[in-house]
Amino acid sequence: MAAKRRLSNESIESISSSESLSSMKGKTDLEVNEEPLTHHDAGEFHGLIEHQTTAEQAEKLESGSINPFTGNPFSDRYVGILKKRRDLPVHQQRQEFLDIYQKHQIMVFVGETGSGKTTQIPQFVLFDEMPHLKGKQVACTQPRRVAAMSVAERVANEMDVKIGEEVGYSVRFEHKVSNKTILKYMTDGMLLREAMEDHDLTRYSCIILDEAHERTLATDILMGLIKQVVDRRPDLKIIVMSATLDAEKFQTYFNEAPLLAVPGRTFPVEVYYTPEYQKDYLDSAMRTVLQIHATEDEGDILLFLTGEDEIEDAVAKLSLEADKLVREENCGPMKVYPLYGSLPPHQQQKIFEKAPEGYNGRPGRKVIVSTNIAETSLTIDGVVYVVDPGFSKQKVYNPRIRVESLLVTPVSKASAQQRAGRAGRTRPGKCFRLYTEEAFQKELIPQSYPEILRSNLSSTVLELKKLGIDDLVHFDFMDPPAPETMMRALEELYYLKCLDADGNLTELGRLVSLYPLDPMLAVMLVKSCELNCGPEMLTIVSMLSVPNVFVRPGKDKKRADEIKSIFTHSDGDHLTLLNVYHGFKSDEAYEYGVKKWCFDHYLNYRSIQAADNIRNQLERMMERHNLNLNSNDYDSPIYFENIKRALAQGFFMQAAKKRSNSKGFLTVKDNQQVLIHPSSVLSKDIEWVIYNEFVLTTQNYIRTVTGIKPEWLFEYAPAYFNLDQFMPGDVKMSLERIKERLDVYAKLDKKRKEEKALIENTPEDSVKEKKEKKDKKEKKEKKEKKNKKAKK
C-alpha cells in the first residue's frame, strides 16, 4: 500500500520541494489539506479568461518552450509525449468539449477504451479553469487505488512535472501531494472523507468522477452528495466520465446533463469461445496462455483471474512452464507479471515494461495476470491477446445473517466486452473466452449490480450522518439499497453506540467516522485507549487491514506451520498477529535484515510493511484526537486480557459458541453452524470466540478468531444481548445461565456495597450495637435449628 519514492534533486529548488513533499508523506489526508496552496505565476496565462478559453490558446501554451505551471523549460521527453497525446481521439474534440464544459455546470462524458479520457480531460480542464491562480484544485476520482496512482504518475510525466507536486494522488493510507498540487487523482472514498470535513468541497473548482460506470459504493454516495453541493455552489463544475454507453442513466440522474461521446481508438478483436464448459478454469486459462505463446504471432497476453492468491500461483506456474517451452520447444522468452490492488506501486509499474526480445525468430512476450482492475482502470499498451475465464470476485452481503463475503461470480456481458476491448489497442487482437457462446448469451447478466445493492452499509450510513444527511430514506441514490440492508446498518451502529436511539451521531460516532476503517475496527481502536492497550490494538487493526501475512508454500507447508508456531498465542489469531508484528520490529529482525527475517519465518514482507505504514498513520490520527496511547506492563496479568476485552467491544456481534454435542461453533443470534478455519491457531478447549471474518467456501468457516469470556458480551453490549430477542437453542440457554450467574453476582455486589455504605455513614457505637444484634440473631437461629434436629 505504501511506497517511498525518491525525488530527483537537480537544483536547490527541487531539494527544498522534495523536503516539503517528504513532510507531506507522513501526514494524513486531512493534515495535508490544511496546508495553504502555493503556485507559480509568471503571467503565462495573462489574457486568458476562465471558462472562455479555446483549444487553440491551450495548445499554444502546451507547445511553448516554458512550462506554464512551473516556469521551467520543457524537457525533450515532454515534446515526444505531446506528439503522441495529440494523436488521441479525445484531442480531435477538444474544442467541442470546451464548448459544452463552459456552458454547463454538469456534463456527462463517454470515452470508449483508448480515447484518452482519464489522462487528457483533467489537463483540458486545468487550462480552462486555471485553478492555481485562484487557490483551487481539480479533483479526478478513480474507483481503485492502483489506477489513481498509475494515472497520476502518467499525467505528471505528460505535464513535465514531478509526481507529488503539481500533480499528485491521494489514496487510503498513502498520499503524494503537496501545497503545490493543482490536479489531484484520488479514490472516490478519499474525496468522500474530505467532504465529511468540508461539506461544500470548497477546495475544488472542478470534480471529475471517472469510471462512474463501475458504480462503487463511494461513487454512488458521491453522486448523490454532489447533486446537493452543486445547488449550494454554482461555481463548481462536475464531469461524470464513463467508458460504457449506459450514459443515459447518468444524464437523467443529473437533471438531463449534456453528453459528449468520443470514440475509442480500437482495432477489431476476434472472439473465440470454448466448445464446452471448462471444469477447471484456472488450469484451462494457463494452458491457453502457453498455447498462444507457442503458436501465435508477437503480442502481449492479458489473463484475467479473480484474486491475489490465484494470480500469484498462476504467475509462478506460468514462469516455470515458459522456461520449459524455451528449452524444449525453442519458443521465445516469456515474462509474467501479476497485477492486483494490494501490489506495491513499484511492482505495478513492471507491467509497463517492454516485452523481452525474441529468440531464434520466435517472439518474446510479456503476460500480465490481473484482476478486473485491468478491465477499464488501467490501459496496457502492447496487449494483443486476452484470455477471459469469465469470473471475478464480487462482494455479496446477506443482511439476514449479517455476512459479507467475497465470492467468485460470473462477470457481466458489459465486463466481458470491456475485457475483449483490451486486445485491440495496438493492432487487431484476439480474445479467448473460456466459456461457451451460449453461456455468454443466456447466462451472463447485462450489467454488474451496483456495489450499493450488495454491501454492508454501516460505514456508508456513518459517512452520510457525518456529512449532515439525516434523512437517509429520501437521500437521492441512483439505485436505492434494500430497506432491510439500511435497517441492519442503523441497528449495527446503534449497538456499537455510534448512533443514539433517535438515530443521531453520538460523540463516539463522530470520532469513529474520522477513521478510514470499518466502524467495528474503529470502535475497537477508540475503546482500547480506556483499557491501556491502544498501541497493541493499533497493531492488530493495521495487521487486519492488509492481505494475509503468513506464507504457506505448497512444497513447504509443514515447515511453514512449524515456524508459525513460534508466534502462536493459544488464545487466538489476533494475539498471534500482535506477536508477528513485535517480531518484525525486534532488534533481532533488524540486525538479521528484515526482508530475510520475513523470508526465513514464512512471512509476507510486503503485507507487514504495509501494516507498519498504516499503523503509523493511524497513530498520528489518534494523537491528533488526544487518545491515550499508554500500555499495560507486558508481565501484568491484565496485559492480554485487556486486549481481548477491547476486541470484544468491537466484535461482539461476531461472536460464536462451541456446539455442545458436536464439532464446530454456532454464531450468536443467527445460529449459523460454522467451523474454525484450518489456518487458525486457537486452542481446542476455548468455548466462546469472536471472529474477524465469515468465509463461505465448501463449508462455513470463521477466520481470525480469539477466545473471550462470555460475561464481557453482557458487560459491553447489554442492548445487543437482550435475550428476549434470541432464538431458542443452545446459545440462548448458555447465555441465560451466564446471565443468571451475573445477576446473582450483581445482587451480592449490591448488598456488599449497601453494607459498606451503611457502615461508612453510621457512628461507631451504633455499628457495634448492630453487629452485636446481628450476632445474637444468628446464634438464636442456629440454636433453634439444633433443637429441631434433636426433636426429630
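This is a predicted model: local features need pLDDT of at least 70, side-chain atom pairs count only at pLDDT 80 or more; totals for chains, interfaces and linings use all residues.
Biologist: Hi! Which domains is the chain divided into?

Modeller: The assignment gives domain 1 (55–262), domain 2 (269–450), domain 3 (456–514), domain 4 (534–651) and domain 5 (653–735).

Biologist: How far apart do the C-alpha centres of domain 3 and domain 5 lie?

Modeller: Those centres are 26 Å apart. As for contacts, 5 residues of domain 3 touch 6 residues of domain 5.

Biologist: And what area is buried between domain 3 and domain 5?

Modeller: About 410 Å², with carbon and sulfur atoms giving 68% of that. On the domain 3 side, Glu492, Tyr495 and Lys497 supply 85% of the area buried against domain 5, more than any other three residues.

Biologist: Nice. Switching to the barrel: how many strands does it have, and in what order do they run?

Modeller: The closed barrel has 5 strands in the order β17-β18-β19-β21-β20, and the pairing is mixed. From one strand to the next, the twist averages 50°.

Biologist: Do β18 and β19 run parallel or antiparallel?

Modeller: Antiparallel: β18 (residues 665–667) and β19 (residues 673–676) are joined by 2 bridges. Leucine 666 stands opposite glutamine 673 of β19.

Biologist: Which strands does helix α24 lie across?

Modeller: Helix α24 (residues 573–584) lies across β20 (688–696) and β21 (700–707), at about 65° to β21. Helix α28 (residues 638–651) packs on the sheet too, touching β17 (655–658), β20 and β21, and its direction makes about 50° with that of β20.

Biologist: New topic, lysine 430. Where does it lie, and is it buried or exposed?

Modeller: Lysine 430 sits in strand β16 (residues 429–433). Its relative accessibility is 19%, so it counts as buried, the cut-off being under 20%.

Biologist: Which side chain does the lysine 430 side chain join in a polar contact?

Modeller: That of glutamate 296, at 3.1 Å. Beyond its neighbours within four places in sequence, lysine 430 has contacts that include Val269, Glu270, Tyr272 and Tyr385.

Biologist: Where do they lie, leucine 201 and asparagine 330?

Modeller: Leucine 201 is in the loop between α9 (188–197) and β6 (204–209), and it counts as buried at 1% relative accessibility. Asparagine 330 is in the loop between α13 (308–329) and β11 (334–339), and with a relative accessible area of 36% it is partly exposed.

Key. Residues are numbered from 1 along each chain as its sequence is written. Side-chain values use heavy atoms; hydrogens and water are left out. Helices (H or I, at least four residues) and strands (E, at least two) are DSSP runs, numbered from the N terminus. Buried means under 20% relative accessible area, exposed over 50%, partly exposed in between (1.4 Å probe, protein chains only). A polar contact is a pair of N or O atoms within 3.5 Å; within protein, one must be able to donate a hydrogen and the other to accept it, and residues adjacent in sequence count only if both atoms are side-chain atoms. Contact means heavy atoms within 4.5 Å. Two strands pair if DSSP finds at least two bridges between them. Axes are lines fitted to C-alpha atoms, for helices over the stretch in contact, and angles run from 0 to 180 degrees between N-to-C directions. Domain bounds come from an automatic or database domain assignment. Buried area is the accessible area (1.4 Å probe) that two parts lose on being put together, summed over both.
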